[in-house]
Amino acid sequence: MCRNIKTLFNFDPPATDEEIREASLQFVRKLSGFNKPSRANEAAFNHAVEEVTAAARNLLNSLVTSAEPRDREVEAERARARAVERFG
């Protein structure tokens, strides 16, 4: 799993279209092995990003939970604390 792909479900406020697209871009980069595709592969790469973005948006819109939405600031602080513990 790519470390840059963040959990997007059940947050308040909900994930933005830009966050969903960025996660999709990271996913396609990981699958393809390209950070930036060649001109010959650019159309296929961009098409894959758009398809993954649409699928991710559909997934996030269809998921349900009874849990309270997580607060982005609280989760970000927890991540910073884990990073300090892990990396010093």
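**Entry 1: leucine 59**

I looked up leucine 59 and found it in helix 2, residues 42-62. Helices here are DSSP runs of H or I with at least four residues, strands are runs of E with at least two, and both are numbered from the N terminus. The model is a predicted one, where local features need pLDDT of at least 70, side-chain atom pairs count only at pLDDT 80 or more, and totals for chains, interfaces and linings use all residues. I number residues from 1 along each chain as its sequence is written, and side-chain values use heavy atoms, with hydrogens and water left out.

Leucine 59 counts as partly exposed because its relative accessibility is 46%. The cut-offs are under 20% relative accessible area for buried, over 50% for exposed, and in between for partly exposed (1.4 Å probe, protein chains only). From leucine 59 to histidine 47 I noted 12 residues in sequence and 18 Å in space, C-alpha to C-alpha.

**Entry 2: helix 1 against helix 2**

Two packed helices are described by the angle between their axes and the distance between the axes. For helix 1 (residues 17-32) and helix 2, I noted an angle of about 130° and axes 8 Å apart. The axes are lines fitted to C-alpha atoms, for helices over the stretch in contact, and the angles run from 0 to 180 degrees between N-to-C directions. Helix 1 and helix 2 are therefore oblique to each other; under 35 degrees would count as roughly parallel, over 145 as roughly antiparallel, and 65 to 115 as roughly perpendicular, with the rest oblique.

Which residues of helix 1 meet helix 2? On the helix 1 side I listed Asp17, Ile20, Arg21, Ser24, Leu25, Phe27, Val28, Arg29 and Ser32. Their partners in helix 2 are Phe45, Ala48, Val49, Glu50, Val52, Thr53, Ala56, Arg57 and Leu60. Contact means heavy atoms within 4.5 Å.

Serine 32, in helix 1, is partly exposed, with a relative accessible area of 31%. Its C-alpha is separated by 32 Å from that of glutamate 77, 45 residues apart along the chain.

**Entry 3: the nonpolar core**

The largest nonpolar core has 5 residues in all: Leu8, Ala15, Ile20, Ala23 and Leu60. Such a core is a set of buried Ala, Val, Leu, Ile, Met, Phe, Trp, Tyr and Cys residues joined through side-chain atoms within 4.5 Å. I also looked up what alanine 15 touches: Leu8, Ile20 and Arg72, not counting residues up to four places away in sequence.

**Entry 4: backbone checks**

Most residues other than glycine have a negative phi, and most peptide bonds are trans. I found a cis peptide bond between aspartate 12 and proline 13, with omega about 0°. Proline 13 lies in the loop between strand 1 (11-12) and helix 1.

Asparagine 10 is not a glycine, yet its phi is positive, about 65°. I placed asparagine 10 in the segment before strand 1. Is asparagine 10 buried or exposed? Asparagine 10 is buried, because its relative accessible area is 16%.
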